[in-house]
Amino acid sequence: MDLSNLVPIPVLLPLLAAGITLILARHPAWQKIVSGTTLGLVAVFALILCLAADAQGPIVLWVGAWPDGLGIVLVADRLSSLMVLVSSIVTAIVVIFPSRRDVSDSADGAPVSVFHPTFLVLTAGVSNAFLAGDLFNLFVGFEILLFSSYVLIMLGATRERVRAGSTYVVVSVLSSTLFLLAISIVYGATGTVSFAQLPERLAALDPGLQLVIQLLLLVVFGIKAAIFPLQSWLPDSYPTAPASVTAVFAGLLTKVGVFAIIRMQTLLFPDSPLTDLLLVVAILTMLLGILGALAQGEIKRLLSFTLVSHIGYMLLGIALGTVAGLGASIFYIVHHILVQTALFIVVGLIERVGGSTSLARLGGLASVPLLAVLYLVPALNLGGIPPFSGFLGKVALMDAALATETPLALLAVIAGVATSLLTLIAVIRVWQRAFWQDRGEDDDRVHSLRVLPRIWVVAASGLVGITVLLTVIAGPLTDFAYRAAVDIQGGAYTVAVEEALP
Amino acid sequence: MLLTVSILAVLGVVASALSSRLGRFVFLLPAAASIAAAVWFGMQGPAVAAGEILQERIEWMPALDIAIDLRLGALQWLLAMVVLGVGGLIFVYCAWYFESHTLASRTVGLLTGFAASMLLLVLSDDLIVLMVGWELTTIFSYLLVGLNHRSASNRRAAQTALIVTTIGGLTMLTGIMLLKAETGTFSLAATLAEPPQTTAAAWAAALMVVGALSKSAIVPFQYWLPGAMAAPTPVSAFLHAAAMVKAGIFLIAALSPAFVELPWWRWGLVSLGIVTMLLGAVRAMRQLDIKVLLAHGTVSQLGLLVTVLGIGTHASMQAGLTLLAAHAVFKAALFMVVGVVDKSTGTRDLRELGGLARRMPVAAGAAILSAASMAGIPPALGFLGKEAALDAALRDAEGGMLAIGWLAFLGIAVGAALTVAYSLRFVVGTFFGALVTEPKRRSRILVIAPVLLALIGLVGGFSGELISQLLEPQVEAVPAGEDAPQLALWHGFTPALVSSMIAWLLGALVHRSFGGRRRAPHGQDPLERGYHAGMRALDRLAVEVTGRTQTGSLPMHLTTILLVVVAFPGIALLLSGALTSDVRLYDSAGQVATAVIVSIAAIIATTTRGRLKAFMLLSVVGYGVALLFLLHGGPDLALVQALTETVFLVILVLVLRRLPKYFTDRPLRAARYIRAALGIAVGTFAALASLAALQSRTAEPISDGFYRWAYEFGHGANIVNVTLVDIRAWDTLGEVAVVLAAATGVASLIFVRRPTAGALRRSPSATGRRTWLRGAFTSEQLASPVLEMMTRLLFPVMMTVSIYLLAVGHNAPGGGFAGGLVAGIALAVRYLAGGGQELLEAVPFDAGKLLGGGMAVVVLSVIWPVLIGGRIGESYAIEATLPLLGDQKLVTTLFFDIGVWLIVIGAMLDFVRSLGAGIDLHSEQNVAPRPQWRSDRSLPGEGVRR
């Protein structure tokens, strides 16, 4: 069956919905329905794409059916369709959370309504980045998601958000500039930006220049993914946004960077894995990130540091450059998108129930058992406690690393184990302080889930449920991830793109 | 087996929920399940003793070779019986123990979950699944220890227990992974069948043993266990006496067939075991809280188990496992008795206890029987085990391993003496002597479980033969030592018996001398102090490192990124040799002149302090670039660049009204030259890298095909426009989405809901001033009639130009983007001439409608070909002969371009409304910042709350 025309749906539907929600600016309830339905539909289409890509190999669309490979190609292979699926699940759930205040932060007189259109554009950008079949379109995908993220991170324009937002915007603009520079160098040297044509043409270049391009792209994607030493902007910018926004940022945006690194390493530079460099970077990312988390007294900031830290795990698998390593990384990405989002969402609930996200001001939340479970399950998952997916991902990564039998890989395993322990310590401290310890004398607020809209609780439970479900479906999921890894190592991508030429 | 685990797991999840309905009887659910399962396992006993292995397997993660693979051998059988049998009785006990409903409902779920994970741990053959059970028991232990989390010391104890055992668990995981790398399997049975002999495997074994030691509270990890006594007593009985702490012992027993011949195995285990045994026993002698006394006793007993198993022979395996069973039975019973005492008297302090034997004879009987087993007094099961242990150590000494054997023998003997002493301290201190505290309540049901366990301990003493048979398969698995002798109460007058008797005597003496002491224990365990110091050091390290790496300063973030660019790709470029000197510097003199002007403007812009000046210089750069495009033969690019530059300037000027006149230069001064050097380095890299790229071009660029196909396939003469709306329409789609997002962003920043902020709406035109524009300023002061008139004339012209550019774009310079910008500038002019009201007059609806409508048009124009069987984004040409216009060709991409045009106009409208009219509104309401004259600061508006 020809499913090519389905490939761009995860981009087009949200954009259409963004247009509609802008027109419906005066009808917040309808806006919510439109964006909720759209994102749900996208998830369904993504699932179809995922299953189809698994059954019949990469699904390719040459947009506009231009001959000679002139046009833009969109590719849903196992990896990208899986990423689209997971990200659409996350966005479909998160869109439920923004409170009325977040959504209508702009006054009646504003020329446009902000939250829903921008959020939908963001999801379109994320999907586009995953599906892009050439370097320039990847850049466009990045820009879409970046611009909408600039808007979302400063939602409400409080002093802290504008301050944090400026950090984020300036760093992102710098990285976009570098990306553009890299693209112009690539196009200058090879005369193409297509992922399918580049491998051959890049290989024909002077090896020194190849390395320059690879390192420059690595810097660009490294900033996005927040890997050492390019990570310091992230904890300064993410935590101040509304919890639901931070949840999506933390869950998805860094993973887009990681995804781009995978694409680049496997597709463009398959013969230059830079294993040692990346392993060192992975180790430092893990350790510095988690040490940062231990030094925090505010939950969202603490979680932002764990986010940085765990990017190191994904990089570890990529650095190995083996099928096992990549498969493990892909599994870990899926796990981390869901868990990190779930945690931030739950922190949003904590903020509502407890009135703060600062550990110094929280306490006694254990008297709300459902909230306690909702926090503890993903927190233990992040902390690498079995049988949750974080543990399984780490087992897969360690397995892949030890199979290479190099001292540096062993060191990375040790660093990974240490990070796992420190992550557990970090999330358990939050538990001890916010849930177990009583709040001080001034505790006159009644802790109850009743202050939350019921749909929030349901949606958060659903998301946490999905993170638990990962354990149950770990078998099929790892199989899928390894098949995806075999795909990207085996050149299925290039072949499929060329076969699909109109 | 799987069924049992699953039933318990499900019960664990639902039990807490059921407890509101069933009350205390909810504990009977897991109790019944456990006991029924224990009966089933008991019935498998004969088969297991005959060496059969029961196996159940479910695939879990085939890609990693992980499966839920349960194997019931003799060792697993023993542990399963302990977990289910002792566990079942403890559940029964729980039902009458808890009084607080919330506490009970939490406990039942956690405790049942624990039982399930413990069973999984002991039954699993797959080491990863074993690890799952292992860590889950740790977590359940953490939550159960912290059940009473109001007290800070309880919380601390729970955390310590968690972290210490997790450190061990992760070490063990590393070991498992290393082992897997050697053997290629996670299966314990497969590993035991062919033990790997490599150094890496030895390391793996060592790491796994570390995990085992931490779980079983062996020195240097022992301090967490006494702290864990913060848990309710039944929990301590189950987790911290009978089951969980046995996990490490279980692992050592399971691994020893494969690794017992490693040079460090026996020495390491025997010496650590002895140290733990003696330390625990000595500490137990000093405790006043009888529960903590028992906890130290547990530490000591665990040390004994490790010592015995560490000997690593047939006989020692048999003795060790017997002791394991004995300990589980008597220690659980003792803890439950402590619970009974605690409940009836309200205290566990030896200073307030005494003489209870007369008041609570049944409980005292159970305690005495169990304590006898603990002290190794015949005919209890404990005696049987301890005799066998002493005997095994002696045999070892005779069988060649002289030093280890004697060391173990002496250690066990001394340990036995001390055990007698603290058993006496417990029993005599609690039940004999003068009555201190009168028991308040009687709890007949509560004593059932301990009495049953005490009886089991007694009966066990007489079933030596049966135990020997049951354990035989596991005992035989050890590759060292001669055949184990059959267990029996009476072996004759052996050296082991003699030493046992000496131990009783010594123990009684020690009790006589020290057992009466009632001084509170003081001082902290040095190892525990070390742990806390370690945690503090970790915190310090975290703060130090984070303080250094996370400065929170934007310039530092940027500097780091740019340094990385110079250090990695930059150095790589220098080393690559991809640069050649073959450079064509320019094509025409015009390019040189423009380049010089642009460069000078850019350099001055970096050093200027005035905002307006800097913006003007940036515009020079922008227009210069447009000129370069034009000189290079790109009129479209030049047009768009020039229009964008104009829009940029207009917007900047709108913003500038409310910004301070100067940039601040305070933080820049110090590191100015370093920054300049970095900037120059990055700029040089960018230039050289681009140059090197162009010099090494090997293939024809893809755009060569555009010349031909743009007309033949795209039906347009203007390649740039065909590229934008057709070849790379997908990119354009993305870019207009960016424009849309930017528009919403600007609006959201300006139109923040503030207490005083109102809305833009049409105010009735009150004055009678005749104006050129309907919505023009009503105040004579602001109005500029000339500008109004110009605008009146200019606006229709500009709009016509805009539509013209849109229409001809496909074949001549122009297009939706350029057209939209022209229309946008026209709107800006109307705003400048007449203010917000005039803009509202020009476009009487919000910009969102234009943006949204444009977006919808764009998306639909990309999707529609699907309806006629085409590809998404495909374009068609419709040729028609129209009256007056003659032959006309309409390319469907025009619709796409119209969408782009709408979005650009919408965005422009939004910018002008927000940055123009929105800021006007803020000024009127005094919420906009007020720039200070000749300064780099502005003051916040007075109407702003924050």
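This is a predicted model: local features need pLDDT of at least 70, side-chain atom pairs count only at pLDDT 80 or more; totals for chains, interfaces and linings use all residues.

I take helices (H or I, at least four residues) and strands (E, at least two) as DSSP runs, numbered from the N terminus. Two strands pair if DSSP finds at least two bridges between them. Residues are numbered from 1 along each chain as its sequence is written, chains are lettered from A and ligands numbered from 1 in the order written, and side-chain values use heavy atoms, without hydrogens and water.

**Hairpin.** I looked up E1 (residues 54-61) and E2 (residues 66-72) of chain B: they pair in the antiparallel sense over 7 bridges. Ile58(B) has Ile68(B) in E2(B) as its bridge partner. The hairpin has 4 residues between the strands, and Asp65(B) takes a positive phi near 65°.

**Whole chain.** I find 34 helices and 6 strands in chain B. Its radius of gyration (over C-alpha atoms) is 43 Å, well over the 30 Å that the globule rule (2.2 Å times the number of residues to the power 0.38) gives for 946 residues, so chain B is more spread out than a compact globule. The C-alpha box along the principal axes is roughly 125 × 65 × 65 Å.

**Contacts.** I took contact as heavy atoms within 4.5 Å. In chain B, among contacts between residues at least 6 apart in sequence, 77% join residues at least 24 apart.
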